[in-house]
Amino acid sequence: MSKTPSDLRYTKSHEWVKKEADGTVAVGITDHAQGLLGDMVFVELPKVGTQVAAGKECGVVESVKAASDVYAPVAGEVIAVNMSVSDTPESVNKDAYGAWMFKLKPSAAGDVDKLLDAKAYEALVASEAH
Amino acid sequence: MGHRTPLYDKHVELGAKMVDFGGWDMPIHYGSQIEEHHQVRRDAGMFDVSHMVVSDFKGEKVREFLRTLLANNIDKLKTPGRALYTCMLNAKGGVIDDLIVYYLNDTWYRIVSNAGTHDKDMAWMNAAAKEFGGVTMTERPDLAMIAVQGPNAKEKVYAALGENMRETAGKLKPFHSVTIGELMIATTGYTGEEGFEIILPAKAVVFTWQMLGEAGVKPIGLGARDTLRLEAGMNLYGSDMDETTTPLESGLAWTVALEPKERKFIGREALEKQLATGVPRQLVGLVLEDKGVLRNHMKVYNAQGEGEIMSGSFSPTLSQSIALARVPAGVAPGARVEVDVRGKRLTAKVVKYPFVRNGKSCLE
């Protein structure tokens, strides 16, 4: 079964979002998503400084099987990207919640709290299984 | 629910992710497709290929029948046990299926063909056989099939199934087989590695699978089977060729025997016509030079015109993306083409394939 840490927020498009102490957020894809995609072979990250709207493409993960866009969970500015994930794409399979892909400075601080909590995300995953 | 092979429960027990493949519930992987791929390139793996269609053709006129039915020449098979890879064509030269035919004795040949094309293959072969009185065709759902492939595959088969295997099957050259009762062992495969394909009674397959597992042969899913065959430059029916393409446009000219001229196989006239007017398209290998992954149906562009990726994936052995693409005639190895990868034009190099054989890169 996929793990769903309770201290994270989630999107319907299977990203996880972690609030950092400095008000920024780290974004990755969920364990459920990496399980569906299978072995990762390529990760494309956004450019630092890019302004993104919520729900906009902000990266790509490609497995042996398929390519999938990664979306910005909230509006904001890309302030960091995790090059170690693009160097070792399999880290997404090994530790989906450790392998953050980019960090955003949200345009509005409250936006993150409007995302799904762990319980709501698990319900979403369960509903998609049918 | 799809058809299930006798190994279905075994796959589930081993934690396989099951998917539909040509109407069959088959394992796509047992955890990691890439690890399974490396397992076959570096050691030994086994594939349940019991979904493939085994049919026996018998009768006095069976060789005569196969001379007409198949684009490759059955008369290349001079001694019992020999195997031949060939296409079966329609009158337009389009590929109905690709298959392996085994010469068992003068009145008995065995064909192993694809699962996804079962119904049309059977209808076609039955209709063609009618003109050769006395040729009978019998499907063998009572048989199952395991492919054991990899540099250590043969040794592990001897360890699992007995040292007498070394005496009988160990001496076989590629594309040969030996039959011992209902057990048939062939030196064929779909990975570019050494190994055997074993056809055996369905009721014995679970036990055999278990014995191979205990000898250290790891189960491999259809996902790795696809990346292995792509690296080995082997065509996949339905992706790289179908009824709308001739073998000449599909990198399979080597499987078409136009000599002797007297042999009037189905599709011959169409192929001769295409050769006379010029084969307009060809299958080439591509290696992506930029980062990304080539996928089926992506568009390919170069000076000669447009083409399409027929089989594209990531090559675990080469750690880069490779593909088979159908492009206009005249595109030569060494040329660069552009591929539309999700809206971006990336550069790929045209190469001769196979990409990988016996664990090693064939790229210059």
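In the predicted model, chain B contains an open sheet of 5 strands, arranged in the order S5-S6-S7-S4-S8 with antiparallel pairing. The edges of this sheet are formed by S5 and by strand S8 (136–139) of chain B, each of which pairs on one side only. On average, and with direction ignored, neighbouring strands of the sheet are turned by 30° against each other. Within the sheet, S6(B) and S7(B) run antiparallel and are joined by 6 bridges; one contact of this kind involves B:Tyr103, whose bridge partner in S7(B) is B:Tyr109.

Two helices of chain B can be described in relation to these strands. Helix H4(B) lies across S4, S6, S7 and S8 of chain B, and its course makes an angle of about 60° with S6(B). Helix H3 of chain B, which spans residues 62–69, has as its buried residues B:Val62, B:Phe65, B:Leu66 and B:Leu69. When H3(B) is viewed down its axis, these buried residues fall within an arc of 95°, and they therefore line one face of the helix. The cover over the buried residues of H3(B) includes strand S4 (53–58), strand S5 (83–89), strand S6 (95–105) and strand S7 (108–113), together with helix H4 (118–129), all of chain B.

At the level of domains, chain B is divided into domain 1, made up of residues 8–50 + 141–231, and domain 2, made up of residues 280–361. The C-alpha centres of domain 1 and domain 2 of chain B lie 29 Å apart, and the contact between these domains takes 12 residues from domain 1 and 13 residues from domain 2. On the side of domain 1 of chain B that touches domain 2, helix H2 (33–42) and helix H8 (222–231) of chain B each supply at least two residues, with the largest share, 5 residues, coming from H2(B). Classified by residue type, this side of domain 1 of chain B has 3 nonpolar, 4 polar and 5 charged residues.

Between the chains, 7 residues of chain A are in contact with 12 residues of chain B. The residues on the side of chain A that touches chain B divide into 4 nonpolar, 1 polar and 2 charged.

Key:
Residues are numbered from 1 along each chain as its sequence is written. Chains are lettered from A and ligands numbered from 1 in the order in which they are written. This is a predicted model: local features need pLDDT of at least 70, side-chain atom pairs count only at pLDDT 80 or more; totals for chains, interfaces and linings use all residues. A residue is buried if 20 or more other C-beta atoms lie within 10 Å of its own, exposed if 12 or fewer, and partly exposed in between; C-beta atoms are placed from the backbone. Helices (H or I, at least four residues) and strands (E, at least two) are DSSP runs, numbered from the N terminus. The arc is that of the directions from the helix axis to the C-beta atoms. Ala, Val, Leu, Ile, Met, Phe, Trp, Tyr, Cys and Pro count as nonpolar, Asp, Glu, Lys and Arg as charged, and the others, Gly among them, as polar. Domain bounds come from an automatic or database domain assignment. Two strands pair if DSSP finds at least two bridges between them. Axes are lines fitted to C-alpha atoms, for helices over the stretch in contact, and angles run from 0 to 180 degrees between N-to-C directions.
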